Amino acid sequence: MSTPVARSVPAAIRSVLARDRWALAGTVTVVVIGLVAIFADVLTAIEGHDPYTYDSTALDPATGLPAGVLGGVSGEHWFGVEPLTGRDLFAIVVHGARTSFLIGLAATLVSIGLGVLIGAAAGYLGGWVDRVITWSADVFLGFPYLVFMIALGAVVPVEFPRALLLIVVIGFFGWPSTARIVRAQVLTLKERNFVKAARTLGASPWQVFRAELLPNLWGPVLVMATLSVPGKVGLEAALSFLGVGVLPPTPSWGRSISSAIEWVAVDPAYLLFPGLALFAVTWGFNALGDGLRDALDPRLGAKR
Amino acid sequence: MSDVLLSVEDVSVDFGSGSPAVSEVSFSLTAGEVLAVVGESGSGKTVTAMSLLGLLPSSASVTGRALLGGRDLYSLSLNELREVRGNEVGMVFQEPMSALNPVLTIGSQIVEAVRVHCSVSRAEARARALELLRLVGLPVERFKAYPHEMSGGQLQRVVIAMAVANEPSLLIADEPTTALDVTVQAEILGLLRDLRDRLGVAILLITHDMGVVADLADRVIVMNAGRVVETGTVRQVFQKPAQPYTRTLLDSVLSLDSRELPARAPAAPVLRLSGVSISYGKFRAVSDVSLEIGRGEVLGLVGESGSGKSSIAAAVTGLVRYSGGITVAGKEVCALRKADRGRIGLVFQDPLSSLNPRATVGRSIAQPLLLHTSLRGAELTAKVDSLLDAVQLSVSLRDRYPHELSGGQRQRVGIARAIALDPDLLIADEPTSALDVTVQARVLDLFRSLQRDLRFACLFISHDLAVVQHLSDRVAILHQGRVVEEGASVFAAPQDPYTQRLLASALTVSV
């Protein structure tokens, strides 16, 4: 009858990477694409192109399609070029990683931060605070947020930084699912005696949250965050696909995929590269998150 | 030993973690005999019992033989094992509530237990179930009751009824009374004894409680660290223990006697409860309780589960609302400001749950100091070290986490945190009931010497009469939310019928 030993988060990450090959592969994928995003300028400098310059010499003058096989893949243009414009696709994909990572991670940070604070408040304070928050979470979960975001994209002036708008909007709509899980965790933690001990000593709710609750929430929060990044990256891509995401000419995988759809019959390579990049990031975060959940959630058991 | 029923020969169990959990254990059990396996937590007593029914996790490797009626239990296939479980061997668990399905009536669960092994009609099984209810002393109207509608003692009777449904020759009872109140424990032990006499069933009793052994068992096996330390009849082992470990174990058991508690001069009250009532909705947990504890005095508050003793502790610490008056050092509890909350220390029952699993021992002890004093940095560390020293823990434990500590060490950390601010009042809610007897004895000694040095007033809550007598200056007996008796002479001359029943139910190890 041994109680499951609470493993520290770094130890759990180390053990999952040592044991779980899929999680390791996911981590490597995420780290590689993350490095690509950080060093996008260096990589494109090595290749010798940027994602903005039109280059009609790389196109077939008769059709507007990229000259050469596979959408113009060559030593000059590693992933080929965009039809009609001749912009370098490698530069677009690499800089698109920046957009995706920035928006995906920042929006996750916003939604997890809000979710943890709101969820912990609901669970710990209870009463009408809990009722109002649970009720709002239900409303937000049922809210047609995609329609809302499309409408917002049309209304907000062009001068407002688009990346910031997307981070705030995507991040804001993500809090209810986090808050629900955190609330449930806090409800059980609240009954543990160490929280009672702190309360009887006169610790304020904020002190209890910081010192007693938060250290016990890191595990589930980290898993939730990792598993929700691909959703956020995908949402950014979806909004850009629908034309209400980041504005041109800022590179975005979603917008590239959107315009590649029109060319898929004659230039399938144009769809391939941004599509693969989006797939790799989504898969990588999911594999890592699954591994972390196995390691941090004692209920699932370590044996498989 | 004419007809050996169960013969366990050289059994070892290894979970692959270095040292084996059980090594070379041998014993035998004759029909109709009660054999007790006693030991502290981690001694391997439960693992041994579970191995007999193949209930160990798959990571365990078992060697040796366990012959039941000539068949080796360890070499049985899953199907054969299923035949044995419930049919030839019945099992009684520690927690009756978790052993029963909460969404089915107890009647249908007993019927199910009958029908698993006998191909009888529904009506016959129902008749048998009613017969079993009568056998374990439950009214037949309870057939349609759900588990949550019954008390712990009644539920344990249901579990026993299911265990004996197919008239097994062996009953394995794993801590059958540990989760129960004293008076209920006596009834359940009586029932087991009665079943042994009437059905001739042999009982393998797994327990840590020497009182239960003395009450029920014929023979006893003492286990420590996976090995059998001593075997013999209860009389032999209790009167002339051959091994030093057995002697330590027996010496650690606190005995209850009828002496009067030493009288002491009354002091100015630190805690005063006057006419306190606590209600949860319509349910009244505590009604009209008045108590006083003077400076340096220990008041033992005794009661069974549901008596309201924990509600009183929660009210004094400000965790629940109450009506009436509770004052600590003259100030009303519900109006206590943060600064005054540090005047009350609190020690909990389960030391693992009372420490934050993600905080080091040092952090947990420092918590009250961080909240109420301006000690920081090296001064804080020095204070934490002196507290660790006061509870006789090594300073090197400061940077460890709770799961790296033993139960006794954790409870010492809990005590260190409670006395960190040198409180006027200490509330100890069953502080030793989760600990092994030898550990309990040492923690109680520590508690007493700390109380003598620091002279805090103490509300000591317990269901264990012997522990309370050992530690308290005065005792209050709580029954159904009321104090039925209070004073220093409760043990010597109990006046109230409930107190008399409580004292009569308490088990002793004298044989």
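Visitor: Where is P176(B) found?

Guide: In this predicted model, P176(B) sits in the loop between β7 (170-174) and α7 of chain B. Helices (H or I, at least four residues) and strands (E, at least two) are DSSP runs, numbered from the N terminus. On numbering, residues count from 1 along each chain as its sequence is written, while chains are lettered from A and ligands numbered from 1 in the order in which they are written. As for confidence, local features need pLDDT of at least 70, side-chain atom pairs count only at pLDDT 80 or more, and totals for chains, interfaces and linings use all residues.

Visitor: Is P176(B) buried or exposed?

Guide: A residue is buried if 20 or more other C-beta atoms lie within 10 Å of its own, exposed if 12 or fewer, and partly exposed in between, with C-beta atoms placed from the backbone. P176(B) has 28 other C-beta atoms within 10 Å, so P176(B) is buried.

Visitor: Which residues does P176(B) touch?

Guide: Two residues are in contact if their C-beta atoms, placed from the backbone, lie within 7 Å. Not counting residues up to four places away in sequence, P176(B) touches V92(B), Q156(B), I188(B) and L192(B).

Visitor: What should I look for in phi at E167(B)?

Guide: Most residues other than glycine have a negative phi. E167(B) is not a glycine, yet has a positive phi of about 45°. E167(B) is placed in the loop between α6 and β7 of chain B, and counts as exposed because it has 11 C-beta neighbours inside 10 Å. D422(B) also deserves a look: its phi is positive, near 50°, in a residue other than glycine. D422(B) lies in the loop between α15 (407-419) and β17 (425-429) of chain B, and with 11 C-beta neighbours inside 10 Å it counts as exposed.

Visitor: Which residues of helix α4 of chain B are buried?

Guide: In α4 (residues 106-117) of chain B, they are I106(B), G107(B), Q109(B), I110(B), V111(B), A113(B) and V114(B). The buried residues of α4(B) pack against α5 (122-135) and α6 (152-163) of chain B.

Visitor: How many residues has the largest nonpolar core?

Guide: A nonpolar core is a set of buried Ala, Val, Leu, Ile, Met, Phe, Trp, Tyr and Cys residues joined through C-beta atoms within 7 Å. The largest one here has 211 residues, and those with the most contacts inside it are I110(B), A161(B), L205(B), L459(B) and F460(B). Helix α4 (residues 89-125) of chain A gives the most to this core, with 13 residues. Domain 1 (4-252) and domain 2 (269-505) of chain B both give residues to this core, so it lies between them. Apart from it lies another core, of 13 residues, including L166(A), V169(A), I170(A) and V244(A).

Visitor: How are the domains of chain B arranged, and what separates their centres?

Guide: Domain bounds come from an automatic or database domain assignment, which here gives domain 1 (4-252) and domain 2 (269-505). Taken over C-alpha atoms, 34 Å separate the centres of domain 1 and domain 2 of chain B. Their contact takes 10 residues from domain 1 and 11 residues from domain 2. On the domain 1 side, the elements that give two or more residues are α7 (182-199) and α10 (244-252) of chain B.

Visitor: What does UniProt place at residues 6-250 and 271-505 of chain B?

Guide: The unreviewed UniProt entry places the feature "domain: ABC transporter" there. UniProt positions are given in the numbering used here, feature names are shortened, and annotations may be inferred rather than shown by experiment. In the model, residues 6-250 are 39% helix and 25% strand, and residues 271-505 are 36% helix and 26% strand.

Visitor: How many residues of chain B are in contact with chain A?

Guide: 22 residues of chain B are in contact with 19 residues of chain A. On the chain B side, the largest share, three residues, comes from α13(B). Chain A itself has 12 helices and zero strands, and its C-alpha trace spans about 80 × 45 × 30 Å along its principal axes.

Visitor: What ipTM does the predictor give the complex?

Guide: The ipTM is 0.70, and the pTM is 0.77. For chain B, the average pLDDT (the predictor's confidence in each residue, from 0 to 100) is 87, and 98% of the residues score at least 70.
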